[in-house]
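This report sets out selected geometric features of one protein model.

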Amino acid sequence: HSGNNKLTGHMPRQVLTTFQFSIALALMIGTLLVFKQTKFMQNKELGFDKEHVLVLDINNSIESNYETFKNQLLEHPDILKASVCQATIGSGTFGTTVIPEGREEELSINIFRTDANFIETMGIEMAQGRDFDPTISSDSSSIIINSVFARLLGWENPIGKTLRFSNDGPEYPILGVTEDFHFEGLNESRVRPVVMYNYPRNFRNVTLRLSGNNIPETISFIEGIWNRYESRFPFDYYFADSWFNEKYKKETQLLDTVTLFSSICIILACLGLYGLTAFTIEQRTKEIGIRKVLGATVSQLTLFMNKKFILLLFLAFFIAVPIAYYAMEDWLSGFAYQIKIGVSPFVLALVVAALITLLTVSGQTLKAAMMNPAKTLKND
């Protein structure tokens, strides 16, 4: 009868510990995958050099004096390049339609109306053809497309082919094809078809390539030039890399939240494991003493006690794996670009949990195994 009481007292503790470990494992796996996805987005190549790219939103006062404004900025040794466009990376872009050569249907694309310096300033690589050349007047009626658009059209060599913006509009020859570059967050959409049109009018953004040296002093210099031309609107700017990182703020906050809850659950699971281990060893102190008298070593006793708890851990792991997998697969499906889930987060979570279990159980088992068997058996 007393054995049954021990069993019934033991079972709820085992169930609770297994449940706690299941939650902790699922959250550990989730934390690792959120971390991997966040780092993946922050570190993925964007198809342009995002470091030290500063963007100014400008108004009519600067637009009408742009050449002078630009030349005064470029006098500073740490301002390497300057470009204007109607919309730039980080400020949104415009959608339009074009009719490719040899076709009648319109295709939806994104358009960047820029000057001839935009591609060089942004550090966008050319895949075919060449960039706009400000010294060639015909380039102002030519266009550049990205690789996604070239693939969509099925053109292996688009150079020299033409696009029209309307049925009765002029034909614009394709001068070059850029490598694909991201102008939106990786959590929003994949690279879309792009046309770059050399149209340095009605622009709203100035993009500057800085050296990366003396940035505070360089920004103060830019503000000083700004104030000469624009008194109505305050000086405002952003960096392209900061803009992209800001796009992933939600994921960064989620990572912090999941890490916090994962840590709490691991602590609770450890406390539950500690309590269950203490209870089990107290129930089996005499058994440990008898085994020691019969010749069992401390390492054999430790292994004997650990086996049961490792079994509980594996049970918790098999409960946690499908929960974590399907929850994270659903979360990752919301990203335009995503990591592969893989096995490493599951293995790492299991290894960490196994180490915690072994340390907790072994510590208490060693204490019981080192006791003098005469003391534990004196009542028998």
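Angles between axes count as roughly parallel under 35 degrees, roughly antiparallel over 145, roughly perpendicular from 65 to 115, and oblique for the rest. The model is predicted, so local features need pLDDT of at least 70 and side-chain atom pairs count only at pLDDT 80 or more, while totals for chains, interfaces and linings use all residues. Residues are numbered from 1 along each chain as its sequence is written, and side-chain values use heavy atoms, without hydrogens and water.

**Helix packing.** The axes of helix α3 (residues 66-73) and helix α6 (residues 215-229) cross at roughly 155° and come within 10 Å. The two helices, α3 and α6, are therefore roughly antiparallel to each other.

**Salt bridges.** A salt bridge requires a side-chain nitrogen of Lys or Arg within 4 Å of a carboxyl oxygen of Asp or Glu. By this rule there are 7 salt bridges, including those tabulated here.

| Pair | N to O distance |
|---|---|
| Arg-130 and Asp-139 | 2.8 Å |
| Glu-230 and Arg-232 | 3.5 Å |
| Glu-246 and Lys-249 | 3.5 Å |

**Exposure.** Relative accessible area under 20% is termed buried, over 50% exposed, and in between partly exposed (1.4 Å probe, protein chains only). Glu-246 is partly exposed at 48%, as is Lys-249 at 43%.

Technical notes
Axes fitted to C-alpha atoms, helices over the stretch in contact; angles between N-to-C directions. Helix = DSSP H or I, 4+ residues; strand = E, 2+ residues; numbered from the N terminus.
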